[in-house]
Amino acid sequence: MEPSSSNTGFFQQLPVLKNQFHDDASLQRVAKLFLPASLLDHIGPETAQLGDHVLSQDIFDHVTDAEKNQPYLRGNGRDAFGNPKSELVVTEGWKRLQDFGFEKGVVALNYDTDYGPYTRLVQFMRCHLWGASCANTLCPAAMQDGAARLLKRHLAKQDSSSMTPTQRRVFQNAFDHFTSRDSTKAWTSGQWMTERTGGSDVSLTETVATYDPYPAGDGNPATPWANPEEGIPLGPWSITGFKWFSSATDSQATILLAMTQPGKGVSAFFAPMRRHNPSLVSATGRPGGTELNGVTIQRLKNKFGTQSLPTAELELKGMRGWLIGDEGKGIQEISTILNITRVHTTVSSLAYLGRSLAVAKAFALVREVGVGKGKRVPLSNHPLHMRTLSGTATEYHAMMLLVFYTLYVLGLDERPPSSPPNHTVTETSRAPSPPPHLVAPLLRVLSSLHKAYVCEHVVPLVFGCMEALGGVGYLVNAESEHLNVARLFRDACVGAIWEGTTDVLSSDTLRALKHPATGRDSLAALDWLVDSALSSSGGEASASIRREWASLRARLVAEDQPALLPDARQLVFRLAEIQMAALFVLDAVADPGPEVEAMCQRYLAKKGFAGAAAVAVDAAQGLRLDQAIVYSASSLPPLSGARGEEGQGSKL
Ligand SMILES: Cc1cc2nc3c(=O)[nH]c(=O)nc-3n(C[C@H](O)[C@H](O)[C@H](O)COP(=O)(O)OP(=O)(O)OC[C@H]3O[C@@H](n4cnc5c(N)ncnc54)[C@H](O)[C@@H]3O)c2cc1C
């Protein structure tokens, strides 16, 4: 009997994470289902390299730095003599992670690479790998992506009445920065909607924009500059108000909402974060410099999670900006951004779950637990632990199918097959492709539906992975950052709040389905999706999914919106489960195997589409199946006998 000490006795071997591009069976399956085989071969090596890189020690060191040295306002917003001075300080770790994202094209890929309708899928496979290692730098990147998409839409309009040549130059300049992979040039964007009056409903916006062009006119050298080196003048609108939440406070530009006239509705504006001021003097007396463009950072928010992210309250006084589109049409403009930031939020949520599951899997391989009478087994050989993790893996896969299908439809919407193909992808994938007239109505529903369901359901599943690590799971493991599931849990919680809460998105899904002009098409698109996904499967489970959809559909058609509203969350969750069940069947039929079939069967049973899944004949077989679901058949852990029973094989 040797007593333990701080340096002697038992020490748990550290779990080792594997490259998730190879090891995440769900990611592999959705890639095979939704991407053409030749494209997957083409992008495989680079994506696998990213999978390695995001698990490197230098990345985790940056994460620890960004979390530990949180953003702050230098001098609490004052200089040495008490003059107001909004200077946000972010740590080096945060900056390096942001640079890494730019260089790996987590946004740029969608704009500088053309894989036709599959481009978004390839981009978001990268985001999925990066999400849990990026310390929230993907949040400003999401808004950067949304801003790029919005400006691209406006720049594509050729008629000169839509914007002046100077405005076009300003938008093109910003678009080039938003889509650059050069970290010295690339910009992120803010997205300022939420005010104290409410983020879910921005119609009560108290920020006011006044058209107040400089006397010299836009583009005249006498107009004050945003950036003289790039020849970018400040805009003709002067914006004053208060923004209650701004997450990308370190961004170089923003898209924001403001009122222009009473009763006109909110309008959307583009504004650079900084402006040139010739009267500024540097510490060494050099004249000229830049300052915030009429923005004062009132304070940084003290948050439960996303602690590396500089979320602030901002006061705007005479911020100069450019109107985007028509006055009063701000909600339509910002919805282009929201469609993108919502998928980013959902993919990040799944990235947290995928990584948390990877940590739980790795831990289960090295942690031994007692199973009675002095016997011990690794958790990976414990039937209950494996059943619990295989349940998580099954829910995760169902959500991956829904989200990656949504990304496929987003890709089809952005790059319809009828548009001139600049890409060389000639093969098609196994994903059912909606008829062109149903793409937009399908995307309209899926955009709200997938976020409402996934961001909410991921939270308890990430918590389950924390629990799978026991007490260590609850610790903020900055000393072994790759195992820090507690950080992922805290960060995952925000997904169901920002970019639309679950109730707001559930109501929005109903609105889409009940819309007098387009609701019918959205319902037809869902009919088409259920039909196509189940077309190769004639079993009882498929019939049950069809029946469930028919009954939910009948209620959606029969009742009016106010009657449906109190049940919106429940209806939308069920609708999501119907889509996921159909996609699960599609996946199991497209690429069959014992694990996916068992997962599918269990999913259908759990969600009430089929009778309880057949129980494996004996416990050892059941354990082997659960292990195969958790680890995938190719990387099964050895079936070890319980320690203390050497040589007798598993008795579990
Ligand atoms: C960390 C963090 C960062 C953020 N960053 C940004 C940012 O960069 N830019 C930005 O603009 N915003 C940002 N937000 C704000 C976020 O988008 C809002 O908090 C969110 O939209 C909810 O708005 P609210 O806080 O005003 O709550 P409210 O809108 O007042 O909602 C309160 C409650 O009422 C419910 N509710 C409201 N309306 C309805 C409805 N019609 N039907 C049913 N239920 C309803 C909501 O579900 C919620 O439960 C951030 C928030 C957080 C937490």
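At 1% relative accessibility, Tyr-405 counts as buried (under 20% relative accessible area, with exposed over 50% and partly exposed in between; 1.4 Å probe, protein chains only). Tyr-408 is likewise buried, its relative accessible area being 3%. The model is predicted, so that local features need pLDDT of at least 70 and side-chain atom pairs count only at pLDDT 80 or more, while totals for chains, interfaces and linings use all residues. Residues are numbered from 1 along each chain as its sequence is written, and side-chain values use heavy atoms, with hydrogens and water left out.

The structure contains 13 aromatic pairs (rings of Phe, Tyr and Trp, the last by its six-membered ring, with centres within 6.5 Å; stacked if the planes are under 30 degrees apart, edge-to-face if over 60, tilted otherwise). One of them is the edge-to-face pair of Trp-237 and Phe-269, with 5.3 Å centre to centre and 65° between the planes. This pair links distant parts of the chain, 32 residues apart: Trp-237 belongs to strand S7 (residues 237-246) and Phe-269 to strand S9 (residues 266-272). Both Trp-237 and Phe-269 are buried. The pair of Tyr-405 and Tyr-408 is tilted, because the ring centres lie 5.9 Å apart and the planes meet at 55°. These two tyrosines are three residues apart in helix H11 (residues 383-414), and are therefore separated by about one helical turn. Helices (H or I, at least four residues) and strands (E, at least two) are DSSP runs numbered from the N terminus. Ring pairs join Tyr-405 and Tyr-408 with Phe-34 and Tyr-118 in a cluster.

Charged side chains also lie over rings (NZ of Lys or CZ of Arg within 6 Å of the ring centre and within 35 degrees of the ring normal). Arg-196 is placed over the face of Phe-242, 4.3 Å from the ring centre, and Lys-301 over that of Phe-245, at 4.4 Å.
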